[in-house]
Amino acid sequence: SKEHSEELWNRFQSASKKIHQKRQEYQKDFLNIQNDNYLKKEKIINQMKDLIKIESNSHSDWQKKIKSFEDLKIEFQKIKNLQKSKNKKCWNDFRIVTKDFNTSKNSFYKNQKKELKISIDKKKKLIEELKNIIDKNLISENTSRIKSIQEDWKNIGYLPRKISNSLWNE
């Protein structure tokens, strides 16, 4: 009825004002949360970039580096709620950093394989030279050369145990 409409309208207005105020406060907090999350993701990306800059010259160093990088990736992916424009930028930066890391890791391991092949080839050449000395039955005349071959064998770089043992047996 008309006599209650004014009172009802005022009650409705005050209730909707409260709802709008709470919604605005939530939006402000949500924007702050999104900005905080963006800053967290940027910090993680910078940590990833710093991790790439660290030079690693051994397999164990790379394993530690890979573990740290994976931990950072997981931490990055756990952070949610970003603005769309910032989210795209973060993901693009993340992809670029991940690609750079994988590229440097792959190049290290490719170089390791090349060095391994070179070491195997050097040891095989030494084996061939020793076989020639034995086949020609010139052991006594080439004692100093055999000793130098043994010294060269020791000075050749690291080989995995399985390969090293098979070459040693040969």
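Predicted model: local features only at pLDDT ≥ 70, side-chain atom pairs only at ≥ 80, totals over all residues.
Modeller: Local features require pLDDT of at least 70 and side-chain atom pairs pLDDT 80 or more, while totals for chains, interfaces and linings use all residues. Residues are numbered from 1 along each chain as its sequence is written, and side-chain values use heavy atoms, with hydrogens and water left out.

Biologist: Which pattern does the protein chain follow along the sequence?

Modeller: Helices (H or I, at least four residues) and strands (E, at least two) are DSSP runs, numbered from the N terminus. The protein chain has 5 helices and 0 strands. Read along the sequence, the pattern is α-α-α-α-α.

Biologist: What radius of gyration does the protein chain have?

Modeller: The C-alpha trace spans about 125 × 25 × 20 Å along its principal axes. The radius of gyration is taken over C-alpha atoms, and the globule rule is 2.2 Å times the number of residues to the power 0.38. For a compact globule of 170 residues the radius would be near 15 Å, but the protein chain has 34 Å.

Biologist: What percentage of the 170 residues count as buried?

Modeller: Buried means under 20% relative accessible area, exposed over 50%, and partly exposed in between (1.4 Å probe, protein chains only). By that criterion, the buried share of the protein chain is 22%.

Biologist: Which residues touch the most other members of the largest nonpolar core?

Modeller: A nonpolar core is a set of buried Ala, Val, Leu, Ile, Met, Phe, Trp, Tyr and Cys residues joined through side-chain atoms within 4.5 Å. In soluble globular proteins, nonpolar side chains tend to be buried together. Among the 17 residues of the largest core, those touching the most other members are I44, M48, F69 and F76. At least two residues of this core come from each of helix 1 (2-53), helix 2 (59-78) and helix 3 (84-135).

Biologist: Which residues does T98 touch, not counting residues up to four places away in sequence?

Modeller: T98 lies in helix 3 and counts as buried, at 12% relative accessibility. Contact means heavy atoms within 4.5 Å. F69 touches T98 along with M48, L51, V97 and F101, on the count that omits residues up to four places away. On that count, T98 touches F69 and K73.

Biologist: How far apart are the closest N and O atoms of E129 and R145?

Modeller: E129 lies in helix 3 and R145 in helix 4 (residues 143-155), so the pair ties together parts that are 16 residues apart in sequence. E129 is partly exposed, with a relative accessible area of 27%, and R145 is partly exposed at 28%. R145 also forms a salt bridge with D152, whose closest N and O atoms are 3.9 Å apart. For E129 and R145, the closest N and O atoms are separated by 2.5 Å.

Biologist: With which residue does E170 form a salt bridge?

Modeller: The closest N and O atoms of this pair are 3.6 Å apart. E170 is in the segment after helix 5 (161-169), and the partner, 39 residues away, is in helix 3. That partner is K131.

Biologist: What distance separates the C-alpha atoms of N35 and K86?

Modeller: N35 is found in helix 1 and counts as partly exposed, at 28% relative accessibility. Not counting residues up to four places away in sequence, N35 touches Q83 and K86. N35 and K86 are 51 residues apart along the chain, and their C-alpha atoms are separated by 9.1 Å.

How values were computed: Salt bridge = Lys/Arg side-chain N within 4 Å of Asp/Glu carboxyl O.
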